[in-house]
Amino acid sequence: MTHDMKPDAVAGVRVTPPGEPVVRVPARWRIVLGRFAGSWGGRAGVVLLGGLFVLAFAGPVVGPWSYEDRDFLAFLQGPSWAHWFGTTQTGGDVFALTLRGMQKSLLIGLLVAVVSTGVAAVVGAFAGYYLGWTDRVLGWVTDLLLVLPAFLVIAVLSPAIGHGAWLVLVMLLAAFMWMVTSKVVRGMTISIKEREYVLAARFMGVPGYRIIFRHVLPNMASLLIVDATINVSAAILTETSLSYFGFGVRPPDVSLGGLIADGARTALYAPWTFWFAAGLLVLLVLAVNLIGDALRDAFDPTSDGRRR
Amino acid sequence: MTRFIIRRVLFGVIVLWLVATTVFLLFFAGPADNVARRLAGPRAPMEVIEQIKDTLGLNRSMWEQYASFLGNLLHGDLGISFISQTPVTTLIMQSLPGTLWLVAGAAVLWMAAGITGGVISAVRPRSVLDRTTTVLVLAGISLPTFVLGMLMVYLALSVFPWTGLQPGPYISPLLDLKGFLQVMIMPWVCLAVVQAAVYVRLTRGSMLDTLGEDYIRTARAKGAPERRVTYRHGLRAALTPVVTQFGVDIGTLLGGVVVTESVFGLQGLGQLMIRSVRYGDLPVIIGAAILASAFIVVANIVVDVAYSFLDPRVRLA
């Protein structure tokens with residue numbers, strides 16, 4: 001038995017002696033996927049999110065206008081054949097602008113989730129595995145970041161980002177989102193650390209960082225996947241709120257938050273400037289939440305076929 | 001108990017000191033010219049920048065600046081706003097009541113709705129009521145605050161104008177109770193809807209876990225009425241994670257309910273923050289940041305003490 005044995009390999013292994021019919025134990029990921037696909041919310045979420053993805057990235061190719069175009073013959077016009085979602089006060093095409101904003105929100109949401117869950121996993125696992133001073137120092141950093149007012153700090157630092165550097169915004173958002181999960185990961189690491197397979201690896205002389213990445217973290221995959229999904233919607237909501245105040249994604253680039261803020265000024269007499277962006281944002285967050293809920297139920301070992 | 005509280009308070013002071021140092025480094029580290037330029041704005045002439053360097057003592061060494069920054073902080077002196085030329089403490093005291101009332105009112109609403117909803121769906125899982133609650137919760141957590149807020153403002157102004165509900169700055173309830181309610185009801189509901197969704201979920205999950213515990217079976221076996229089992233034995237222990245979340249939320253929100261305040265034009269700490277960030281009013285930003293952190297630190301201490309009252313298994317050492 002080598003130390004890099006994968007959990008999937010264990011689940012599919014033949015346990016019957018030769019001569020008897022082979023009994024295959026279904027792999028864990030198959031059970032989880034099956035449960036996920038069997039849930040109403042999971043299916044709806046995937047279809048909805050997939051549809052929004054296609055709309056966000058294929059829509060601009062089909063649509064006649066670019067988000068940078070200004071139609072000087074149509075200011076604040078309602079939806080029509082020329083402008084599917086109408087136009088803004090400055091003649092921008094709402095369809096193109098909204099889809100561009102959705103692209104940004106999707107990308108930012110996914111990236112922030114991956115980065116913040118990754119940081120949470122690494123920090124939590126190292127703190128829990130090594131304990132002692134590593135744990136203490138990482139714990140202080142975690143507590144300090146938990147106490148700092150995230151919105152204010154990001155808002156203050158964001159002008160320093162400059163135009164177009166939205167990746168820095170991703171890092172800032174991720175920097176304030178990993179702390180709670182990292183505490184959970186730390187706790188789980190401390191208990192996993194005492195399991196036989198980790199002890200075996202340790203006595204074989206496998207270095208600590210290798211044990212963490214090969215044995216500790218894969219055993220928390222379910223927690224981390226669910227956490228990342230929840231973080232997607234949290235990141236989208238934070239980013240759009242920041243952009244709503246003009247502290248997130250900046251002009252000339254657009255974000256759903258900025259569009260909603262602009263649209264709010266004209267919403268009463270030109271509802272299309274507001275409702276398309278607001279509606280798509282709500283659908284986007286809803287889709288991610290549906291997937292997150294279904295995933296959590298699917299990973300839950302106590303859930304059975306009767307649930308949902 | 002006393003020893004525990006003293007230790008937690010000391011730890012809180014250290015965290016606050018770390019926060020103050022971080023904030024100081026964020027804004028004041030770097031060459032004096034850069035800092036002065038940041039304070040004066042990009043178009044300020046050279047004389048103004050020199051003047052700022054003089055009045056703020058930016059020419060002194062980092063250590064001297066840091067010492068005087070901490071010294072002023074200890075005396076409760078947060079400096080004077082660059083924009084309005086009033087002391088930061090005055091500005092904060094003016095904005096505090098709006099935020100306090102907003103959080104207090106909303107907290108009552110969301111705790112009542114959240115715990116009731118959570119208990120109802122946990123006691124009868126998979127019933128129609130439970131499923132309805134789940135759908136409502138999903139809607140609640142998927143609605144961004146600013147979208148919900150704007151929807152409410154729109155409805156109040158164009159569909160239900162006779163209610164008199166309107167967005168506007170905070171009015172003291174002592175001066176004008178009716179005006180106070182007309183301004184506060186919408187922000188209360190808006191904030192509470194989003195929060196309640198989280199609390200229903202938390203209460204339901206925690207309650208389901210608790211009701212599966214051995215001591216619940218014991219309580220039933222000894223013949224305790226179901227009501228007593230649910231509330232006395234179940235809910236009391238199930239509330240522990242809810243209380244943690246509540247403490248963290250109250251602490252965070254008291255530091256400024258940025259989105260809700262600005263959608264409804266309520267003049268609170270969140271609005272003060274947004275304004276000061278927009279105009280680059282550094283002393284106000286620093287004051288608001290430290291106050292917000294202090295709220296969180298205090299809330300955490302209160303939560304830890306509250307644990308011991310709720311869950312008899314928790315012993316404070």
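I started at Leu131(A), which takes a positive phi of about 50° just after α4(A). Helices here are DSSP runs of H or I, at least four residues, numbered from the N terminus. This is a predicted model, in which local features need pLDDT of at least 70 and side-chain atom pairs pLDDT 80 or more, while totals for chains, interfaces and linings use all residues. Residues are numbered from 1 along each chain as its sequence is written, and chains are lettered from A in the order in which they are written.

Next I looked up α4(A) itself. It covers residues 94-130 and reaches 53 Å from first C-alpha to last. The expected value is 54 Å, taken as 1.5 Å times one less than the number of residues. I noted 29 of its 37 residues as buried, so α4(A) is largely enclosed by the rest of the structure. Buried means 20 or more other C-beta atoms within 10 Å of the residue's own, with C-beta atoms placed from the backbone.

Then I turned to α5(A) and α8(A). Their axes, lines fitted to C-alpha atoms over the stretch in contact, come within 9 Å and cross at roughly 150°. That makes the pair roughly antiparallel, the term for angles over 145 degrees. Thr142(A), Leu145(A) and Leu146(A) of α5(A) meet Met179(A), Ser182(A) and Lys183(A) of α8(A). Contact means C-beta atoms, placed from the backbone, within 7 Å.

Last, I checked the chain interface. I found 26 residues of chain B in contact with 23 of chain A. On the chain B side, α13(B) gives the largest share, 7 residues.

Key:
Helices (H or I, at least four residues) and strands (E, at least two) are DSSP runs, numbered from the N terminus. A residue is buried if 20 or more other C-beta atoms lie within 10 Å of its own, exposed if 12 or fewer, and partly exposed in between; C-beta atoms are placed from the backbone. Two residues are in contact if their C-beta atoms, placed from the backbone, lie within 7 Å. Axes are lines fitted to C-alpha atoms, for helices over the stretch in contact, and angles run from 0 to 180 degrees between N-to-C directions. Angles under 35 degrees count as roughly parallel, over 145 as roughly antiparallel, 65 to 115 as roughly perpendicular and the rest as oblique.
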